[in-house]
Amino acid sequence: MANIVEIFSSIQGEGLYIGTRQVFVRFAGCNMACAYCDTPESRTFGKEALIECTPGRRDFSKIANPLSIECLAQHINSLLTLRHHSISLTGGEPLCQVDALVELTAKLDAPKYLETNGILFEQLAKILPQLDIISMDIKLPSIAGKEYWQEHHEFLRLASTKEVFVKIVVTGQSSKNELQQAFELVASINKSIPVILQPVTPLNGCESVLPADILLYQEQALSVLSSVRVIPQTHKFMGQL
Ligand code: SF4
């Protein structure tokens, strides 16, 4: 069984695969509480999941949680009538429900793209063989409230056996030192792993990063990494989910 927030077809608005069409499966529950979280409703288990009936038409129906894996897989695969790049397993933090995820991914008919906060490495090890692409966050201590360097290092070491890219949300509170630590962490595993610097979408009083600073941070990253892009959350200004 799995606790789900919503399932729908939309445009990927972040990261390396920006602009591609995906089916999004938003899992409920998260092990973090980031100040800039744009899906706070997904951090807890809700009574009902919203399921889109026709890809991209927003004709949602409500289904009681938890959903059986069989039923969930059926709903997801029914949206693949339109050609989709992949299925985004997102949240919340999907790895919080890793046993359901392992069962589900075996039944899906399109490539599996995991969006994760990059901390739960033991859970990642369980699902890794069934994943195609991993979008992994590195959470900076200035926003997470504590350091996760060891967890992130172990997570990325495992994830680097698959296609992976790293996303770092940068805010007005981010510091040069913590960013340097993040860049060196990635470089210590493989300096070719693509890194996306994502200027924060200012929510809940989160301070935007200054335009001059993001240029400096990209230069800093490029001194140790070979592929560094700056990409904001584009689905927000396209009015997409
Ligand atoms: S990890 Fe993601 S879902 Fe969880 S609180 Fe942070 S931004 Fe929100």
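Me: What makes you say that the ligand sits in the largest pocket?
Reply: This is a predicted model, and the ligand does sit in its largest pocket. The label needs more than half of the ligand's atoms to lie within 2 Å of the pocket's grid points, so the ligand passes that test.

Me: Which residues surround the ligand?
Reply: Cys30, Met32, Ala33, Cys34, Cys37, Arg43, Gly92, Asn117 and Lys139 do. Sorted by class, that shell has five nonpolar, two polar and two charged residues.

Me: Why does Arg58 count as partly exposed?
Reply: Its relative accessibility is 29%. Buried means under 20% and exposed means over 50%, so Arg58 falls in between and counts as partly exposed. Arg58 lies in the loop between β3 and β4.

Me: How do you know that the length of α7 agrees with what it should span?
Reply: At 1.5 Å a residue, its 12 residues should span 16 Å, and the end C-alpha atoms are 17 Å apart, which agrees.

Me: Why do the buried residues of α7 line one face?
Reply: Ile214, Tyr217, Gln220 and Ala221 are buried. Seen down the axis of α7, the buried residues fall within an arc of 120°, so they line one face. The face turned away from them carries the exposed Pro211, Leu215 and Glu219.

Key:
Residues numbered from 1 in each chain as written. Predicted model: local features only at pLDDT ≥ 70, side-chain atom pairs only at ≥ 80, totals over all residues. Heavy atoms only, no water. Near = heavy atom within 4 Å. 1 Å grid on protein atoms, 1.4 Å probe; cavity = no way out; pocket = protein on both sides within 12 Å on 5 of 7 lines; lining within 4 Å. Nonpolar A, V, L, I, M, F, W, Y, C, P; charged D, E, K, R; others polar. Helix = DSSP H or I, 4+ residues; strand = E, 2+ residues; numbered from the N terminus. Expected span 1.5 Å × (residues − 1). Buried < 20%, exposed > 50% of the residue type's maximum accessible area, 1.4 Å probe, protein only. Arc of directions from axis to C-beta.
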